[in-house]
Amino acid sequence: MTDSDVLRTSPIHERHVALAAKMADFGGWEMPIEYPGGGVVAEHTAVRERVGLFDVSHLGKARVAGPGAAELVNATLTNDLGRISAGKAQYTLCCNDSGGVVDDLIAYLRSEDDVFLIPNAANTATVVRMLQEAAPEGVEVTDLHEDYVVLAVQGPRSDEVLTAMGLPVDHEYMSFDEAQWEGHDITVCRTGYTGERGYELVAPAAAGTRLWDAIVEAMAPYDGLPCGLGARDTLRTEMGYPLHGNDLSPEITPVMARSAWAVGWDKKTFWGKDALVAQRVAKSSRLLRGLLVTGRGIPRSHCAVKVDGAAVGEVTSGTFSPTLKQGIALALLDRSVADGDEVVIDVRGREVAATVTKPPFVEVQVREA
């Protein structure tokens, strides 16, 4: 094994090992899929009904700093930072010249001269390099991938957990507060990837283990559980949230993924603008839609979707919904297919019936005050 083959590990790694978590490679990081004692279904249910804790420290961290930092981000990434103010976070996309998605990420606007970015693990180095190459003199783009932990506290009891720790919870969706906790600076952002009310905590790596332990202790009165990335995937699929590499990719654009709401169409420039505008006007590309399985079977990525025997698309993400107790999927479908249409999914040679539907597949309270 070469150095490049060695998986990175989270600062919380020893805690996962002690809990006998099932581990796997996520973007070059060895991360927990599930823990003993119920696995994905139990962890998924804990988040939907109570509270769960995810270590998502494999996610990237980068800082764009200096006079014009926000201007650089706004001129390159798709969304419009002018829509938000300091103290807010924004979902945005980094596209290539053809409009394909290099990565989707969260931008934390601290000030016009300071933007903190959280890209996906495998794409962090690429996003940082692209921004560095575009940065004007005086703006520094720094890869901080291993300098921080990111812990996600998700679920309807998440406020009580953070309150017990003395952390702020009175801010609105997609906003963040800076807090001091046991001598460490912690960013507490009301974001997440589960669809439930929750928070993501960005803290120095040195604080990671102690912060994890404190959250586990504060969750105990609510029967909260440590959760792996398996449950994170079922939770996000129930919401219809896209996953880069499946539902977004260098070949799948924001228009195709129906993420055009995260594009500042009126901005003068951003990477991939010309191609995306042309695709938006043409209205010919396939679109990402939800599939609610009505037959028996669990759809998976790359399963063909058919109408009257003719292929009309392909599943990009598919799973068993622990909440609904049935299969669900996201799929890129021809524009001739509409919500409410009946289709069949080819699951290993067997036709499984499904209904085209608009996600989310479940009702949640992610945005409630």
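A nonpolar core is a set of buried Ala, Val, Leu, Ile, Met, Phe, Trp, Tyr and Cys residues joined through side-chain atoms within 4.5 Å. In this predicted model, the largest such core has 43 residues. In soluble globular proteins, nonpolar side chains tend to be buried together.

**The largest core**
- Phe 54, Val 56, Leu 93 and Tyr 108 have the most contacts inside this core.
- At least two residues of the core come from each of these elements: strands E3 (29–34), E6 (88–95), E7 (101–111), E8 (114–118), E10 (148–154) and E18 (326–333), and helices H2 (39–49) and H7.
- Strand E6 gives the largest share, four residues.

- Another core, of 27 residues, lies apart from the largest one.
- Its residues include Tyr 35, Leu 151, Leu 167 and Ala 203.

**Around Leu 93**
- Beyond its neighbours within four places in sequence, Leu 93 is in contact with Leu 77, Thr 78, Val 101, Asp 103, Asp 104, Leu 105, Leu 248, Pro 254, Ser 259 and Ala 262.

**Helix H7**
- Helix H7 spans residues 229–239, and ten of its eleven residues are buried, so the helix is largely enclosed by the rest of the structure.
- Among the buried residues of H7 are Leu 229, Leu 235 and Met 239, as well as Arg 232, Arg 236 and Glu 238.
- Gly 240 follows H7 and has a positive phi, near 80 degrees.

**Annotated domain**
- An unreviewed UniProt entry annotates residues 287–362 as "domain: Aminomethyltransferase C-terminal".
- Residues 287–362 are 59% strand and 0% helix, and the end C-alpha atoms of this span lie 21 Å apart.

Methods. Residues are numbered from 1 along each chain as its sequence is written. This is a predicted model: local features need pLDDT of at least 70, side-chain atom pairs count only at pLDDT 80 or more; totals for chains, interfaces and linings use all residues. Side-chain values use heavy atoms; hydrogens and water are left out. Buried means under 20% relative accessible area, exposed over 50%, partly exposed in between (1.4 Å probe, protein chains only). UniProt positions are given in the numbering used here, feature names are shortened, and annotations may be inferred rather than shown by experiment. Contact means heavy atoms within 4.5 Å.
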